[in-house]
Amino acid sequence: MAQLTIDIKKLAHNISFVARSCKDAGLDMMGVLKGPGMDSVIIRTLVENGVETFGFSNMPKKNLYDTVLSRKPVFISLPSIHEIHKLVRYFGTSFNTEISVIQRINEVLIAEKRSHNIILMVDTGDLREGVLPENVVDTVRKIHDIKERKLGFSGIGTNLGCCAGMVPDEENIQILQDLALEIEARLGIAVDTVSVGGSVFLGWLKSHRLPHKINQIRLGEAVFLGNIPTLYQKHEDLYDDVLVFKGDVLETQEKRVDLPRCPGRDALGFQPAFPNTGKRKRAILNFGISDTYPQGLRPLDEGSSIVCINSNYTVMDYTDSPVSLKPGDFVEFKMNYISMLQAFMSPFTDIVYQY
Ligand SMILES: *Cc1c(COP(=O)(O)O)cnc(C)c1O
């Protein structure tokens, strides 16, 4: 079994640094746990370092939250109209954009005598979820006018850096601030929460403050990977090796690499590349795409590189590296976002905490 090792001290550092910076900027930090899900060690580390609000993006098969979290978490994906019963049982708040779905939530709340809040998502330019800014006030009015309204309107939110690669700037940030003020002034409806995310905002926060109505920031990736996604940078104050993926060597052989006489595709249907030919040192490792996303792994030993990926194997070329490998040796990698998600989700990868 390959291992996803989590350095809890480094994770705690990343969380407390980010949570403190958010607090200093007047922002409540929501911990977004897309990959780790309900990992109780990770949740405890977040709680111990100042995170109280949690966001999840997948609807679980059953309620996993009751026993671990003190408050119902936030569902940060748009809910499916077919899953509203689960939504209101498991989550205290959800992000929404469609009035038909919002009405359905209200019906279920009445039928089940429950409470639930919604945040209206606004598309400020990233072209993923969100009502267009010019339709926001009208949509909030419609939400407020729902007959026998039982759901609460908490506020508005936006997401950047996920679809169109939109990074925060004066203009797109100001849209949310202005809309919050406009809703309050024109409709007399309080906008208690104004929420932004994800980790791409950490780049902006290094040298800017957000306007005063913005009071929540949703962060996941940076805490685990120590980076500023979209800008594609390491965050200078965060560790980028909280997570290390560890495979073990199953075979080492020197193989003759020749250009194929009759080129075919590899096991995954890709055209193999042959950057080097001749005698090469090859190691087969005990993981593949069923364990993580191997293409997103970076060997800690810079002389090694991944040359072939199958469902269960990853082949590494270490000819240009000073290391020598034998069966049973471990090879370590830093991870990108996809590798992290896939490794957390794979039933074959062992999660190992290091204290
Ligand atoms: C994933 C997600 C986040 C967190 O983004 P990171 O880049 O992982 O910090 C925040 N908000 C929403 C709506 C998301 O889907």
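Select the ligand and the residues around it: by class, this shell has three nonpolar, four polar and five charged residues. The model on display is a predicted one.

**Stop 1: the ligand shell**

The residues surrounding the ligand are Val32, Lys34, Ile76, Arg128, Glu129, Asn159, Gly198, Ser199, Arg218, Leu219, Gly220 and Glu221.

Begin with Arg218, which places a polar side-chain atom 2.8 Å from a nitrogen atom of the ligand. Proceed to Glu221, where a polar backbone atom is 2.9 Å from an oxygen atom of the ligand. Then select Arg128, whose side chain has a polar atom 3.2 Å from a ligand oxygen atom. The protein buries 94% of the 390 Å² that the ligand exposes when taken alone.

**Stop 2: the whole chain**

Hide the side chains and display the chain as a cartoon. Nine helices and 18 strands make up its list of secondary-structure elements. The C-alpha trace spans about 75 × 45 × 45 Å along its principal axes. The chain has 355 residues, of which 50% count as buried.

**Stop 3: the nonpolar core**

Next, select Leu11, Met29, Ile105, Ile156, Leu210, Phe224 and Leu243. These are the residues with the most contacts inside the largest nonpolar core, a set of 88 residues. Colour helix H1, residues 8-24, which gives the most to this core, with six residues.

**Stop 4: His116**

Move to the loop between helix H4 (99-112) and strand S6 (117-121), where His116 is found. Is His116 buried or exposed? Its relative accessibility is 2%, so His116 counts as buried, the cut-off for buried being under 20%.

**Stop 5: Ser304**

Finally, select Ser304, in the loop between strand S14 (297-299) and strand S15 (305-309). Ser304 has a relative accessible area of 7% and is therefore buried. How far apart in space are Ser304 and Cys163? Select both C-alpha atoms: the distance from one to the other is 32 Å, and the two residues are 141 residues apart in sequence.

Note on methods. Residues numbered from 1 in each chain as written. Predicted model: local features only at pLDDT ≥ 70, side-chain atom pairs only at ≥ 80, totals over all residues. Heavy atoms only, no water. Near = heavy atom within 4 Å. Polar contact = N/O pair within 3.5 Å; in protein donor to acceptor, adjacent residues only side chain to side chain. Areas by Shrake-Rupley, 256 points an atom, 1.4 Å probe, with all protein chains shown as cover. Nonpolar A, V, L, I, M, F, W, Y, C, P; charged D, E, K, R; others polar. Core = buried A, V, L, I, M, F, W, Y, C linked by side-chain atoms within 4.5 Å. Buried < 20%, exposed > 50% of the residue type's maximum accessible area, 1.4 Å probe, protein only. Helix = DSSP H or I, 4+ residues; strand = E, 2+ residues; numbered from the N terminus.
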